[in-house]
Amino acid sequence: MVQITELGYVALGVKNLAEWTAFASSIIGLEAFDEGEPGRAYLRMDYWRHRIILDEDGSDDLNVLGFRVAGVEEFRAMARRLTDAGVAVRIGSPAEADARRVLEIMMLNDASGYPIEIFHGPQVQADRPFHPGRRMHGRFRTGDGGMGHLIQHQTVGLDRTYEFYKLLGMRGGVEYRIPIPGAPGPAELLFMHCNERDHTVAFGAPGKKRINHLMLEVENFDDVGLTYEIVQRAGLAMAMTPGRHANDHMYSFYFMNPSGWMIEIGWGARAATHQSEYYQRDTYGHAPVPGVMKGVMEI
Ligand SMILES: [Fe+2]
């Protein structure tokens, strides 16, 4: 069955492009560059031409998820499957594909109406090794697992959200059922995967923004510690203390970015298990920092 193979890129809307590029390079360690396009900058984390597109549109939110399929046949099969399922798909023009530096692109919305792009053939710059924005012990872990994972908002319920992402060839289910004192039932979080990464997209967090957090994984444990120290020294708001997730086994911590949502820097995740199980809490840590998490979410 044709399926999404990875989260290839994301497009973020930001209020202050200069602040965001400085944050991305000096705090996270991403490589920032621009091509002279007004209000736009790019972030690299490996050999891909870019992994993050920053647009200064004032939204301070996720604009587009870019999902990859393997090649031209999978691209056609995915367009057919989505169309047959009643999803409105628009095949992008060659100029639109070129703007994203991919061979072909289609545009659609997910079940909640959030924009998605599906593409094949990203431009890989083999002659341009990743150059981190500040010192790093190792590199970002991308490869077959894609650029990372995120939790995003949904407006149609977890069941319809699951059915939509299943159409994209993703697998998954509820992995957390968190008891909430005084509530009639637990808070449920839905996790979907499409490759070796435990989850690529997840749902169920409260919050008004489309994106709750973006997780970028590092290959060297010391880059988690280094980033933690850099965030502290910069006086940025920590959102969750270091800890290990029960589902993907990621050792990580969370901090706020200039757009008011969270970045998670993690290390040591296990591969997707392909069998469902659920948890009521994390292995340890990940305590929300009081006052910072208002309107974001707590896990
Ligand atoms: Fe995460």
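**View 1. The area buried between domain 1 and domain 2.** In this predicted model, domain 1 and domain 2 bury about 3100 Å² between them, with 70% of it on carbon and sulfur atoms. Buried area here is the accessible area (1.4 Å probe) that two parts lose on being put together, summed over both. L7, I27 and Y114 supply 19% of what domain 1 buries against domain 2, more than any other three residues.

View 2. Look across the interface and you'll find 40 residues of domain 1 in contact (heavy atoms within 4.5 Å) with 41 residues of domain 2.

**View 3. Polar links across the interface.** The rule finds 12 residue pairs in polar contact here, both at pLDDT 80 or more. A polar contact is a pair of N or O atoms within 3.5 Å; within protein, one must be able to donate a hydrogen and the other to accept it, and residues adjacent in sequence count only if both atoms are side-chain atoms. As for salt bridges (a side-chain nitrogen of Lys or Arg within 4 Å of a carboxyl oxygen of Asp or Glu), the rule finds 0.

**Reading notes.** Residues are numbered from 1 along each chain as its sequence is written, and side-chain values use heavy atoms, leaving out hydrogens and water. Local features need pLDDT of at least 70 and side-chain atom pairs count only at pLDDT 80 or more, while totals for chains, interfaces and linings use all residues.
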